[in-house]
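The sequence and structure come before the details.

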Amino acid sequence: MTGMHDAHTAMAALSAVIAGETFSQFVDGAEFRSGMRGIAAPVALATTRGPDGPAGLTVSSFCSLSVDPPRILVCINRDSSAYPVIAGRRVLALNVLAAHHETLAMRFASGDACRGEARFAAGRWAPLRTGAPVLEDALVGFDCRIVRVHEEGSHGIIVGDVVATTGSGATSPLLYRDGHFVTSTAPARQGH
Ligand SMILES: Cc1cc2nc3c(=O)[nH]c(=O)nc-3n(C[C@H](O)[C@H](O)[C@H](O)COP(=O)(O)O)c2cc1C
């Protein structure tokens, strides 16, 4: 009986899709945020160098987009101070953080308390290929040439081709879950 009922429900849902139902009622922000907060996400500093110096912010919304070409994406709030510099300069480094980088992650997410070049007073930074500042002891650093910027509501989806990397991913990553920084209990990586 339950099987028949499930099949009927699935058929009804499929008919709705075929009929072009728009699903205009979406969940509220709190429900969405609660779902997202359950996910442990890696943390990186997205950095660039503009005409007035380096700029950057803490991000967790990044992932691999393709291997061929080697391409990443990251979603950045268009109101953040570094966004116009990143979108304008067309170069970006994604400095993926290790477990010991929690203070640095907070520094690059501190709003007016510490902005622009001042954020780079902590950590050791050096350019790799594009000129964007790369954190010397990043878990992994991806130096990218930006190939596309899609503006999507409050955020820009920045798509970058990786032109150089640094770091081996050998230490534990810094993760963010449920509003807190956490570290992985997985054993350290042996090689790649
Ligand atoms: C763990 C963590 C992850 C974050 N991820 C993102 C992100 O993916 N995209 C984004 O636009 N802001 C993200 N933020 C928020 C920005 O880092 C923060 O708002 C920053 O202060 C914005 O830069 P601004 O102060 O220069 O405007 C994150 C913050 C934290 C602490």
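## The open sheet

Ala41 has Tyr176 of S11 as its bridge partner. S1 and strand S11 (residues 174-177) run antiparallel and are joined by two bridges. Strands here are DSSP runs of E with at least two residues, and helices are runs of H or I with at least four, both numbered from the N terminus. Two strands count as paired if DSSP finds at least two bridges between them.

The open sheet has three strands in the order S1-S11-S12, with antiparallel pairing. Strand S1 (41-42) and strand S12 (180-183) are at the edges with a single partner strand each, so one side of each has no neighbour in the sheet.

## Basis of the model

The model is predicted: local features need pLDDT of at least 70 and side-chain atom pairs pLDDT 80 or more, while totals for chains, interfaces and linings use all residues. Residues are numbered from 1 along each chain as its sequence is written.

## The nonpolar core

The largest nonpolar core contains 35 residues, and Ala44, Ala46, Ile86, Leu92, Leu94 and Leu97 have the most contacts inside it. S6 gives the most to this core, five residues. Such a core is a set of buried Ala, Val, Leu, Ile, Met, Phe, Trp, Tyr and Cys residues joined through C-beta atoms within 7 Å; buried means 20 or more other C-beta atoms within 10 Å of a residue's own, with C-beta atoms placed from the backbone.

## The ligand shell

Among the 17 residues around the ligand, Val59, Ser61, Asn77, Ser81 and Ala109 come nearest. A residue is near if its C-beta atom, placed from the backbone, lies within 6 Å. Strand S3 (53-59) and strand S5 (71-77) are the elements giving two or more residues to this shell.

Note on methods
A residue is buried if 20 or more other C-beta atoms lie within 10 Å of its own, exposed if 12 or fewer, and partly exposed in between; C-beta atoms are placed from the backbone.
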